Amino acid sequence: MIQRIQTLYLLAVLILVVACEFCTVGRFIGEGGELLGELGNLTMNQAGNVTFTPWALFMLLLLVALITALAICLFRKRMRQIRLIIFSSILLVGYYLVYAWFVYSYLGDGISFRPSVTASFPLLGLIFNYLAARAIGKDEFLVRSLDRLR
C-alpha cells in the first residue's frame, strides 16, 4: 500500500490539509500597517478577541482529510478511490470559494488582506490529488490490459 506513488501523494494531501486546519491563513492590515485581525480556519481573532468563527473552512478541510484517509485505505478499489479524490478536489475548490467569501465580507475601506503561506496548502493538495488520480488511472489501465491478455 505505502509503496505505491499515489498513496504517497494522498498522504501528502492529508498532511497538508491537517497542517492548514490549525494555522492562520491570513491577516487583515489597516491603512497604517497595523494588524487588525488574523483569520484562521476555526477563528477570526481581532485584537485578541474572537469576533466570529469561520467553522465552514474548518469543516471543509476536515471532510477533505477524512475522505483522503478513506481513499488511502481503499487502495484495492481503484475506481472508488478516483471518485473520492475527485470529490475531495471539489471540496478543496469549495474551500477557496468560502475563504474568498470570508475575506471579502470582512474587507472595508482602508483594510487590506495578506494571505499566509499556509493558505496555499489546499492548492498544493489539489495538485497532489491530480497526480494521485492520474497514477491510479494508470494502474487501472494496466490491470485492465492484463485482464484482456488472459
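This briefing covers aromatic pairs, salt bridges and a surface patch in one structure. The model is predicted: local features need pLDDT of at least 70, side-chain atom pairs count only at pLDDT 80 or more, and totals for chains, interfaces and linings use all residues. Residues are numbered from 1 along each chain as its sequence is written, and side-chain values use heavy atoms, with hydrogens and water left out.

**Aromatic rings**

- The structure holds nine aromatic pairs. Rings of Phe, Tyr and Trp (its six-membered ring) pair if their centres lie within 6.5 Å; planes under 30 degrees apart count as stacked, over 60 as edge-to-face and the rest as tilted.
- Tyr95 and Tyr99 are a stacked pair, at 6.0 Å centre to centre and 15° between the planes.
- Both tyrosines, Tyr95 and Tyr99, sit in helix H3 (residues 78-106), four residues apart, about one turn of the helix. Helices (H or I, at least four residues) and strands (E, at least two) are DSSP runs, numbered from the N terminus.
- Tyr95 is buried at 1% relative accessibility, and Tyr99 is buried at 9%. Buried means under 20% relative accessible area, exposed over 50%, and partly exposed in between (1.4 Å probe, protein chains only).
- One aromatic cluster is formed by Phe28, Tyr95, Tyr96, Tyr99, Tyr106 and Phe113.

**Salt bridges**

- The count is four salt bridges. Each is a side-chain nitrogen of Lys or Arg within 4 Å of a carboxyl oxygen of Asp or Glu.
- Glu38 bridges to Arg27, with the closest N and O atoms 3.2 Å apart. Glu38 lies in strand S2 (residues 35-40) and Arg27 in strand S1 (residues 24-29), so this pair ties together parts that are eleven residues apart in sequence.
- Glu38 is partly exposed at 22% relative accessibility, and Arg27 is partly exposed at 34%.
- Arg78 and Glu140 form a salt bridge at 2.7 Å, N to O. Arg78 is in helix H3 and Glu140 in helix H4 (residues 121-149), so the pair ties together parts that are 62 residues apart in sequence.
- Both Arg78 and Glu140 are buried.
- Glu140 also bridges to Arg144, with the closest N and O atoms 2.7 Å apart. Glu140 and Arg144 both lie in helix H4, four residues apart.
- Glu140 has 12% relative accessibility, while Arg144 is partly exposed at 48%.
- Arg78, Glu140 and Arg144 are linked in a network of salt bridges.

**Surface patch**

- Ile5, Leu8, Leu11 and Ile15 make a nonpolar surface patch of about 330 Å². Patches are made of residues with over 30% relative accessible area and no salt bridge: like charges are joined within 9 Å, nonpolar side chains (Val, Leu, Ile, Met, Phe, Trp, Tyr) within 5 Å.
- Accessible areas come from the Shrake-Rupley method with a 1.4 Å probe; for residues, only the protein chains shown count as cover.
- Leu8 lies in helix H1 (residues 5-21) and is partly exposed at 40% relative accessibility.
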